[in-house]
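Hi there,

Here is the structure I promised to pass on. Have a look at it first, and my notes follow below.

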Amino acid sequence: MATLKAVRGTRDLLPPETELWNRIETTARRVFARYNFGEIRTPVFEDTALFARSVGEETDIVSKEMYTWEDRARAQSEKTQSLTLRPENTAGVVRAYIEHGLGESGQLQKLYYIGPQFRRERPQKGRYRQFWQIGAEVIGPPSSGSESPLRDAEVLEMLAALLEELGITGWTLELNSVGSSADRATYNDVLRAALVQVQGKMCGDCQRRAVTNPLRVLDCKVPEDQPIIEKLPKIGDSLGEDSKAHFAAVLAALDAVGVPYMLNQRLVRGLDYYTRTTFEFTHGGLGAQNALLGGGRYDGLSEAIGGPKAPGIGFAICLDRLVLTLQAADPVRKAAPPQVDAYIAPIGESLNAAGLVLARELRQSGLRVELGDGSFRLKKSFEAADKVARNIVILGEDELRSDILTVKDFATGTQSKVPRAELAAYFAKLPGE
Ligand code: AMP
């Protein structure tokens, strides 16, 4: 029979690598709490219409990459429904914001999430069909100040602080403004007209995009197309006065707080809901898939899915790529499994239960403990212990009766007799990893 494997584009995350994942998640939660964000968890699947109306029917995500199915009716009274595994989490958060009337308090809502997202993309290093995002959204009624450029700057400064706390250096913040939806529509027309002249000389994808979604031409990576794209009209020239003033205020606040950035007028991003500020943090260590995170403002999103006016700004960091970046910077971490403090070796199966009791005692005092098996010969116990632990504790009949245990420290080779009551303190005193 053919062996079953994880589906293409998905993967198992195993220890010790999962420790790094947990460390990143814990750091993100700590940093977000400092900026007064609370956690939101939304379902991994939603009504397909949510993504069609928010991310946009014409985007690659909705037109090609979603995992969508017709959910069968379980009873005659039930209708079938088109459902989709979430390709991103902002739409779900805004749906929840509307559904629970979170704007009614008049307060700005600051919400973060950590979870898997699903896109049927061509898998490669740093690009998966199930990947993880850590993201956050700042959203609220206009009276809560949700439209203020200060919010954009605060979110970007928080991201810089998070990357610093994670020990990730060498990133670049690329920043742009795509203007209001009216500005974007103007630019779309300008771009479409300009493309009519040059699209014949461009790649097949660009020829198609020139008709369906001209903004996407700016994402083209084909080297021969670059000189043509550089000469196309820039979005900055289509921005209205309000959008220009908003963007200038974001930049001034970033300058004041000392977050460095690079302006990139080609950064329009792949989702239709973005308005005004858009950004990406890139990292050279990632290769072709160099975007660590992306985000922007989405002032019309709530209304697009039937909610009240609720401007907002958010981002999504790819957790998989944070892990790749940290592993590339510190390959040792990838290899070394953490060692347990003590390996308990019961001598004989009749001592297994006593071994479990001793392990429980030591674990309750906070030690990391592995429990062997009394059916092992002593030599096998030593070999097993040496692979995972810094010390082995021998638990035979004598040790159980006298409450004095034999402990061998593998690093120094010393063997000691330690009273049971002092074991936890004895291990805690030894130098750790
Ligand atoms: P987006 O939701 O498209 O704005 O993407 C936000 C971030 O998620 C990007 O900057 C990437 O870091 C990451 N990302 C998007 N698609 C994938 C994927 N298929 N695999 C891994 N990371 C992804």
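Threonine 282 stands opposite alanine 291 in S10. Their strands, S9 (residues 275–283) and S10 (residues 291–297), pair in the antiparallel sense over six bridges; strands here are DSSP E runs of at least two residues and helices H or I runs of at least four, numbered from the N terminus, and two strands pair if DSSP finds at least two bridges between them. Helix H11 (residues 319–329) packs on the sheet, touching S5, S6, S9, S10 and S11, where contact means heavy atoms within 4.5 Å.

A word on the source: this is a predicted model, in which local features need pLDDT of at least 70 and side-chain atom pairs count only at pLDDT 80 or more, while totals for chains, interfaces and linings use all residues. Residues are numbered from 1 along each chain as its sequence is written, and side-chain values use heavy atoms, leaving out hydrogens and water.

The sheet with S9 and S10 is open and mixed, with eight strands in the order S1-S5-S6-S11-S10-S9-S7-S8. Its edge strands, S1 and S8 (262–263), each pair on one side only.

There is also an open antiparallel sheet of three strands, ordered S2-S4-S3. S2 and S4 (residues 81–85) share three bridges, and phenylalanine 45 has leucine 85 in S4 as its bridge partner.

Valine 44 lies in the loop between S1 (38–39) and S2 (45–47). With a relative accessible area of 32%, valine 44 is partly exposed (buried is under 20%, exposed over 50%, partly exposed in between; 1.4 Å probe, protein chains only).

Happy browsing!

Key: Axes are lines fitted to C-alpha atoms, for helices over the stretch in contact, and angles run from 0 to 180 degrees between N-to-C directions.
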